[in-house]
Amino acid sequence: MGVNARVQTLPGREITVEEQQRFRVDELLPSRVMRPADAQDAARELRLCDLAPAAVVTWGGGTQMRLGTAPRRYEVAFSTDRMARLLEYEPADLTCRVEAGMRLQDLQESLLAQGQRLPLDPPHPDRATVGGMLAANANGLGRARYGTVRDWVIGIAVAYPSGKLARAGGKVVKNVAGYDLMKLHIGALGTLGVIAEVNFKVQTRPQVEATLLAHFDKPAPAIDAGTTLARQYLAPAAALVLDQGALRDCGLTAGWRWALVLKLEGYAREVEAARDKASGIIRDAGGRVEDSGIPSSFWDAARDWSAPDEDLVVIRAIVPLAALQSTLEALPADSRVMAQPAAGLVDARVAAGIAAATLQRLRTAAGDEGQVIVTSAPGAVKKGLDVWGPPPPGFPIMRALKQALDPNGILNPGRFVGGI
């Protein structure tokens with residue numbers, strides 16, 4: 001069958017040149033686009049793709065599309081942009097149910113009207129969708145204080161290539177039925193099914209927010225202060241250690257070599273007590289607390305820093321706290337660094353020409369208990385990088401699940417760990 005004849009047999013609508021560029025993944029372009037209207041429609045349309053079979057890449061807001069290796073095949077862009085409704089919201093129960101295509105900013109605005117929020121802040125919330133946040137396991141800067149995506153999801157609906165729509169969990173916080181199914185799809189990058197709906201628990205918004213800024217001559221004491229603060233009763237909502245380059249990216253032009261920036265949240269009296277406690281810990285660690293103001297855009301820039309829209313290489317290391325210092329020492333001198341010390345997480349922007357060598361050094365420093373991946377890179381650069389590193393010990397189980405749920409391998413083929 002010729003290429004043109006093959007395209008004519010594919011499900012979905014013929015795609016425009018403009019849409020092709022919008023739905024580009026690395027250097028691949030789709031031939032068709034599908035936009036299901038709801039969860040059941042998503043299951044039906046996935047079934048048509050499976051029968052073809054046609055390789056599918058699911059699209060939300062596109063903020064995490066640089067994550068993962070390039071797909072082996074890509075024929076249908078499966079967009080959730082029509083699935084963007086807040087289906088249920090019970091402020092008294094602190095729960096809601098949303099479609100996967102709903103953007104985080106829209107959800108937060110709906111919750112704000114009732115004085116509530118979802119304490120997850122993935123990059124670019126004006127574009128990022130609920131489904132994309134789950135698929136990429138994008139937690140944001142508050143993971144050490146508020147936990148990860150998995151801690152806030154209480155129910156999920158997933159469409160499979162078989163045409164089935166499976167639901168797990170429930171609408172109430174204490175419901176634990178189907179928990180394993182929820183864990184299965186969070187962070188799977190859409191390789192096992194298409195997340196169609198999500199149930200969240202939410203929380204009351206804090207009364208006040210404040211930022212505390214300090215600087216250090218070396219990273220080690222800043223890291224130590226950040227991890228010490230995370231163990232306090234009044235722990236920061238976010239704690240970042242940044243080098244001079246990352247500080248400038250976030251709008252701070254001071255000539256400090258390293259900085260520790262804290263976000264404090266809670267009742268006014270709690271925040272004031274937390275500020276005093278943090279200031280003491282910082283001074284004891286050899287840092288200097290700054291009274292100067294911080295740009296109002298700082299936290300938004302810091303949130304988005306690890307998922308740049310530009311063609312930059314970003315490497316992420318998630319390591320035991322004891323390995324943080326050796327991980328930082330393994331980075332080249334001209335890299336730009338942002339670390340979340342209490343979460344054992346380091347993001348680094350590195351030059352494309354030394355990315356492969358940097359990956360190798362970081363994986364050595366992280367050891368067997370750490371994980372080092374490429375979270376963003378131009379398609380041409382990505383070809384020469386081992387994006388995910390060696391598969392984990394449980395990889396045979398992952399491969400068996402992929403075969404069971406997606407036997408024709410149509411969902412994001414080749415983009416995940418081990419070529420799944």
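This is a short talk about one predicted protein chain, from its overall build down to a few residues.

Hello everyone, and thanks for coming. Some ground rules to begin with. This is a predicted model, so please keep in mind that local features need pLDDT of at least 70 and side-chain atom pairs count only at pLDDT 80 or more, while totals for chains, interfaces and linings use all residues. Residues are numbered from 1 along each chain as its sequence is written, and side-chain values use heavy atoms, with hydrogens and water left out.

Let's start with the whole chain. Its secondary structure comes to 15 helices and 19 strands; these are DSSP runs, numbered from the N terminus, with helices being H or I of at least four residues and strands E of at least two. The radius of gyration is 22 Å, close to the 22 Å that the globule rule gives for 420 residues, so the chain is as compact as a globular protein of that length. That radius is taken over C-alpha atoms, and the rule is 2.2 Å times the number of residues to the power 0.38. Along the principal axes, the C-alpha atoms fill a box of roughly 70 × 55 × 40 Å.

How many of the residues are buried? Of the 420, 52% count as buried, where buried means under 20% relative accessible area, exposed over 50%, and partly exposed in between, with a 1.4 Å probe and protein chains only. The chain exposes about 18100 Å², and carbon and sulfur atoms supply 50% of that. Those areas come from the Shrake-Rupley method with a 1.4 Å probe, and for residues only the protein chains shown count as cover.

Now contacts, meaning heavy atoms within 4.5 Å. Taking contacts between residues at least 6 apart in sequence, 70% join residues at least 24 apart.

On charge, there are 48 positive and 46 negative side chains, and the centres of the two sets lie 4 Å apart. Lys and Arg count as positive, Asp and Glu as negative, and His and the chain ends are not counted. Each charge is placed at NZ of Lys, CZ of Arg, CG of Asp or CD of Glu.

What about disulfides? A search of the whole structure finds zero, a disulfide being a pair of cysteine sulfur atoms within 2.5 Å.

Met-338 is buried, at 3% relative accessibility. Met-338 and Val-350 are twelve residues apart in sequence and 12 Å apart in space, C-alpha to C-alpha.

Further along β17, which covers residues 336–340, we find Gln-340. Is Gln-340 buried or exposed? Gln-340 counts as buried, with 6% relative accessibility. Leaving aside neighbours within four places in sequence, its contacts are Gly-140, Leu-141, Arg-143, Ala-239, Leu-240 and Leu-345.

Next, a loop. Ala-138 lies between α5 (130–136) and α6 (143–146), and counts as buried at 9% relative accessibility. Beyond neighbours within four places, Ala-138 is in contact with Gln-64, Pro-122, Met-133 and Val-149. Leu-312 is 174 residues from Ala-138 along the chain, and their C-alpha atoms are separated by 18 Å.

For a contrast, please turn to Val-208 in strand β12, residues 208–216. Val-208 counts as partly exposed, at 27% relative accessibility. Outside the four places either way in sequence, Val-208 contacts Leu-264, Glu-265, Gly-266, Tyr-267, Ala-268 and Val-271. Between the C-alpha atoms of Val-208 and Ala-356 there are 44 Å, with 148 residues separating the two in sequence.

Last, some backbone details. Where is there a cis peptide bond? One joins Ala-52 and Pro-53, with omega about -20°, and Pro-53 is in the loop between α3 (39–51) and β3 (56–59).

We also have positive phi values in residues other than glycine. His-124 has phi near 55°; this residue is in the loop between β7 (116–117) and α5, and is buried at 8% relative accessibility. Asn-412 has phi near 45°, lies in the segment after α15 (395–405), and is buried too, at 3%.
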